[in-house]
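Hello,

Here is the structure I promised to pass on. Please look it over, then read my notes below.

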Amino acid sequence: MCAILPTASMGLNEEQKEFQKVAFDFAAREMAPNMAEWDQKEVFPVDVMRKAAQLGFGGVYVRTDVGGSGLSRLDTSVIFEALATGCTSTTAYISIHNMCAWMIDSFGSDEQRHKFCPPLCTMEKFASYCLTEPGSGSDAASLLTSAKRQGDHYILNGSKAFISGGGESDIYIVMCRTGGPGPKGISCIVVEKGTPGLSFGKKEKKVGWNSQPTRAVIFEDCAVPVAHRIGSEGQGFLIAMKGLNGGRINIASCSLGAAHASIILTRDHLKVRKQFGAPLANNQYLQFQLANMATRLVASRLIVRSAAVALQEEQEDAVALCSMAKFFATEECFAICNQALQMHGGYGYLKDYAVQQYMRDSRVHQILEGKNCRKLFSSFQNSYKISAFQTFYVLTTSQDLIRPCLLAFSFLPFLNPICALERTVAW
């Protein structure tokens, strides 16, 4: 049972193994010992996150000329998975912060990049991503927050919902409507904390993710300089979606970390917990369960890392793979965490045992960055761009990992008719 979990460094080069080791060590030293307290007292661990930034984790895939680490998407996934073993909730916020910094770095002017990115990369300042509204979740293109131009300012009115870091972050990347209806009327504007007309709702009480605050972000005649618009007018929706492609890999990577930690905790618990005169680790059924969990983790890790490489290389199927990876990994990893809790018995339901927190913190990953039911549909919509094996492997999420493979191969001759049907039938 000691070798039940293949190493998370499998397939990585030496440099990536070093990044991973630094992140694992930081997670074990600075995050894991404080994870329960942050959760119970709802602490936003600013000092620890700034220590993480000193290691280059504040702008992992931001360019180096503005203080970023300039690493790849695969490097980023490896780092976030490792950090999430220490505290999944805190790592998830760090991943969102990184996404915001990347959006400014990728689409902002040189002046904007050099103004906003350096303090974000050091985490002197924190960032939040503002897309979701009370009336627009998955249908993001229907957002209503308006930004009307008056001279050299935009006047923002509206509100954003479920914003991670809301009220604590210093910089808000806001998607708002500067034009007509639909995605082409949306622009991206940076709003700084302290701007008149910017306010926040109450701090939400959540099942998990308690080490990061969640609040509504409210704009009431909030005047923001036109110079804070990222990209051109009407480019906001494109920027938002490109940010989310990487964001989905990041969140999936956080799920990998939660599942990884849960398996280790369960393995160790089975070794010391005795029933019927013997350690639970001797029970063959539980050995099978743990092997099943390890298999699902490795399968999830492979699809996430494959999607990360595809996004980095701008492969044609990158967007579909990002959605599939997010869908598959967050589903499987939550199931792993939930099963880990079950295998702890009554102890797993106590807050003295970390396994319940990994389960609670990873549950929301199936909802945010695009709900998984939506990811399933969009992945199938784009299935004609990728192989039948990839499509049906992900769509058929079974605990038996052999069954999806068999189904995939059985459908190979019928892929084109199925895709044609999908394009003609009103779902």
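H1 and H4 make a right-handed crossing. (Right-handed means that the near helix is turned clockwise from the far one by less than a right angle; left-handed means anticlockwise.) Helices here are DSSP runs of H or I with at least four residues, numbered from the N terminus.

Some ground rules first. This is a predicted model, with residues numbered from 1 along each chain as its sequence is written. Local features need pLDDT of at least 70, side-chain atom pairs count only at pLDDT 80 or more, totals for chains, interfaces and linings use all residues, and side-chain values use heavy atoms, with hydrogens and water left out.

**H1 and H4**

H1 covers residues 14-31 and H4 covers residues 73-84. Their axes come within 8 Å and cross at roughly 25 degrees. (Axes are lines fitted to C-alpha atoms over the stretch in contact; angles run from 0 to 180 degrees between N-to-C directions.) H1 is therefore roughly parallel to H4. (Roughly parallel is under 35 degrees, and roughly antiparallel is over 145.) From H1, the contact includes Phe19, Phe24, Phe26 and Met31. Among the H4 residues they meet are Leu74, Val78 and Ile79. (Contact means heavy atoms within 4.5 Å.) By class, this contact has 11 nonpolar, 2 polar and 1 charged residues. (Nonpolar is Ala, Val, Leu, Ile, Met, Phe, Trp, Tyr, Cys and Pro; charged is Asp, Glu, Lys and Arg; polar is the others, Gly among them.)

**H5 and H6**

H6 spans residues 110-121. H5 and H6 pack at about 160 degrees, with axes 9 Å apart. They are therefore roughly antiparallel. The crossing is left-handed. His97, Ala101, Ile104 and Asp105 in H5 meet Gln112, Arg113, Phe116, Cys117 and Leu120 in H6. That contact divides into 5 nonpolar, 2 polar and 2 charged residues.

**H7 and H8**

The axes of H7 and H8 come within 10 Å and cross at roughly 160 degrees. H7 is therefore roughly antiparallel to H8. Their crossing is left-handed. H7 brings residues including Ile249, Leu256 and His260, and H8 brings residues including Leu290, Met293 and Leu311. The classes are 15 nonpolar, 6 polar and 2 charged.

**The second largest pocket**

The second largest pocket has a volume of about 410 Å³. (A pocket is an open set of points on a 1 Å grid over the protein atoms alone, where a 1.4 Å probe fits, with protein on both sides within 12 Å along at least five of seven lines; lining residues have an atom within 4 Å of a point. Volume is the space filled by probe spheres set on the points, which are joined across faces, edges and corners.) Of its 17 lining residues, Arg73, Trp102, Leu311, Gln312 and Glu314 are closest to the centre. H5 gives the largest share of the lining, 3 residues. The lining has 7 nonpolar, 5 polar and 5 charged residues.

Best wishes

Terms used
Helix = DSSP H or I, 4+ residues; strand = E, 2+ residues; numbered from the N terminus. Parallel < 35°, antiparallel > 145°, perpendicular 65-115°, else oblique.
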